Amino acid sequence: MADEEAPTPTDHALTAASHGTDIYRSLHRQLQIFTDSYRSPTSTGRRIRQSFKLLWIIDVQKTPCARESVLFGSVGSLLIGVGNFLATSRVKRSCDLAAGGFILSTLGSWLYCRYNYAKLRIQQRIVQDGIKNKVIYEGSNIDPTAKDSRNNGS
């Protein structure tokens, strides 16, 4: 025992660092196993939601306004088709109107939602630019708010 050297603080640091990476690797492996098991079918048959592509083009879950537009379109087509069938009892014409109603209500809700989305993005950009300018000019000689406060104070 007397021949053994006492561990230095750097030895403790290296041991702790390697122990920390071991814990990290262990946690990473456990997380990987968990996510892999979640992706595979479980005993209940559940899977992770896969994206739904409309006409193999538009990914409904990732495209803004797409989900709402498809839902409004389907409700619109149902209302138009059933309403026309109840009024006229003509099946073919009701189906044709339902298909047209789906297209029109989907496009209408899509355009309305995208217009509001674009308007919101523009407002967000204006606010971000205002905050950026406030951070840049605050406390400087060219601060527009400081000039206004100096003129109002005198």
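C95 is partly exposed, with a relative accessible area of 47%. Partly exposed lies between buried (under 20% relative accessible area) and exposed (over 50%), using a 1.4 Å probe and protein chains only. This is a predicted model, where local features need pLDDT of at least 70, side-chain atom pairs count only at pLDDT 80 or more, and totals for chains, interfaces and linings use all residues. Residues are numbered from 1 along each chain as its sequence is written, and side-chain values use heavy atoms, with hydrogens and water left out.

**Overall build**

- The protein chain holds 4 helices and 2 strands. Helices (H or I, at least four residues) and strands (E, at least two) are DSSP runs, numbered from the N terminus.
- From the N terminus on, the order of elements is α-β-β-α-α-α.
- Of the 154 residues in the protein chain, 12% count as buried.
- The accessible surface of the protein chain is about 13200 Å², and 63% of that belongs to carbon and sulfur atoms. Accessible areas come from the Shrake-Rupley method with a 1.4 Å probe; for residues, only the protein chains shown count as cover.
- Take the contacts (heavy atoms within 4.5 Å) in the protein chain with a separation of 6 or more: 38% of them join residues 24 or more positions apart.

**The disulfide**

- The count is 1 disulfide, meaning a pair of cysteine sulfur atoms within 2.5 Å.
- C65 is joined to C113, with an S to S distance of 2.1 Å.
- C65 lies in the loop between strand 2 (58–59) and helix 2, and C113 lies in helix 3 (residues 91–137), so the pair ties together parts that are 48 residues apart in sequence.
- The torsion about the S-S bond of C65 and C113 is about -70°, so this disulfide is left-handed.
- C65 counts as buried, at 7% relative accessibility, whereas C113 is partly exposed at 24%.

**A nonpolar patch**

- L78, V82, F85, L86 and V91 make up a nonpolar patch on the surface, with about 500 Å² of accessible area together.
- Patch residues have over 30% relative accessible area and no salt bridge; like charges are joined within 9 Å, nonpolar side chains (Val, Leu, Ile, Met, Phe, Trp, Tyr) within 5 Å. A salt bridge is a side-chain nitrogen of Lys or Arg within 4 Å of a carboxyl oxygen of Asp or Glu.
- Helix 2 (residues 66–88) gives the patch its largest share, 4 residues.
- L86 sits in helix 2. L86 is exposed, because its relative accessible area is 66%.

**The UniProt record**

- An unreviewed UniProt entry lists residues 70–91 and 97–115 as "transmembrane region". Positions follow the numbering used here, feature names are shortened, and annotations may be inferred rather than shown by experiment.
- Residues 70–91 are 91% helix and 0% strand, with end C-alpha atoms 23 Å apart.
- Residues 97–115 are 100% helix and 0% strand, with end C-alpha atoms 26 Å apart.
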